[in-house]
Amino acid sequence: PALSDMSATFVLLCGTTPAGRTFVAPKTIRSTVSGLLPQRHRFFLPNRRSVFESSTSSFQAATCAAASSAAGAMKENSVGLDQLEQLRSFTKVVADTSDFDSIKKFKPLDATTNPSLILQAAKRPEYGYLVDDAIKYGRENESDPQKRLLLVLDKLAVNVGLEILKIIPGRVSTEMDARLSFDTQGTVERALRTLRLYDEMGIGKERIYIKIAATWEGIQAAKVLEAQGINTNMTLLFSFPQAVACAEANAAMISPFVGRILDWYRKATGKHDFPGQEDPGVIGVTKIYNYYRKFGYDTIVMAASFRSIEEIVELAGVDYVTAHPQWLAGLQASTDPVVPRLTPESWRSYSEPLERVTLSESEFRWSMNEDPMGTEKLAEGIRLFGADTVRLEEYLMKEKGL
């Protein structure tokens, strides 16, 4: 529940765990406090959640002092901040784009890419140097034409990621070839090669999410990679069974596609308007988030693929949102209040019972079979990303002479 006297939040901010770690309990003020703390008091993520680590009384004192300032700052923010800045106070904002200028403008923590975005970037004249470098690398390192083409695709995706990492402080999600969506071993091998390409350029795995389609095979690939300390971002996620399987595989992050879920229901029902919390995409992500929080999963929920600003606002409080620059601009243009709908404790008041679920492969496949929306949108997403990968290959061969 919201505190009427924000100056009292220092009590929660200075709580300690049995292990002696100081942590920030109220999610809505983490960002404000972190901005006020001295740089030397670092964050750590033992379970990918926002936790402060310190055994010193000076850190506790700094945290308490910051809380007092945060109280005043939040009172001002409730009046003067645009919606994007309000959202950032309790949800991490990620840019879903490969446009470097947009990333510079909106200053997101992280950024995500996909095959469609890489294709768009490759065709822009100002990014030609990234394509040329990838082709040069492929020619120097692979003699077989088909293998060379795949190497160039991976190197190009890495080149785009490297440019993004020059701008953002956090991580970039680099997506695996959609045509490997049903190939666990192939996905693992390409992921490891992608990380080697980043490593050659001085970027460690701690700044990369390997983005994989949330098929059963993709989820098993994530399980293998996570066991090696490699963070995965499970994409093309539309259904609760996918979310359950990803969490059981210890995936670092999932990206449920809010807007594409809505698209399916609009087409299936003939109804266009699904306001606010009636939006099927919002309903789906709300259930997944509350399920994860109730049962203590560490997997981050990053809502993606929006169709309106309203969808973003309705999911305020979710761990992350990744949004196209047009939606970030819309949020920036409004000062209407943004209230967190989701919190680490919101599962307690969730509208339906949440029972823990585990899924074998056969149970997963049957659950997907019984969910036409999830099955159809997953298949469609894989086809679309696969088609854009083929278009990129054709562009590299015909227009770039690969």
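Which side chain meets Glu 175 in a salt bridge? A few notes on that and related pairs follow.

1. First, a word on confidence. This is a predicted model, with a mean pLDDT of 85 for the protein and 80% of its residues at 70 or more. Go carefully with residues 1-78: pLDDT stays under 50 there, although the model has 113 contacts beyond four places in sequence for that stretch.

2. On to the opening question: the partner of Glu 175 is Lys 211, at 3.6 Å from N to O.

3. The structure holds 21 salt bridges in total. Another of them pairs Asp 154 with Arg 190, whose closest N and O atoms are 2.8 Å apart. Here distant parts of the chain get linked: Asp 154 belongs to helix 8 (residues 145-165) and Arg 190 to helix 9 (residues 184-200), 36 residues apart. Asp 154 and Arg 190 are buried too.

4. Now look at Arg 365 and Glu 361, which form a salt bridge with 3.1 Å between the closest N and O atoms. They are four residues apart in helix 16 (residues 361-369), so about one helical turn separates them. Arg 365 has 38% relative accessibility and therefore counts as partly exposed; Glu 361, also at 38%, counts as partly exposed as well.

5. One last thing to trace in the structure: salt bridges with shared partners join Asp 154, Asp 177, Arg 179, Arg 190, Arg 193 and Glu 393 into one network.

Note on methods. Residues numbered from 1 in each chain as written. Heavy atoms only, no water. pLDDT = per-residue confidence, 0-100. Contact = heavy atoms within 4.5 Å. Salt bridge = Lys/Arg side-chain N within 4 Å of Asp/Glu carboxyl O. Helix = DSSP H or I, 4+ residues; strand = E, 2+ residues; numbered from the N terminus. Buried < 20%, exposed > 50% of the residue type's maximum accessible area, 1.4 Å probe, protein only.
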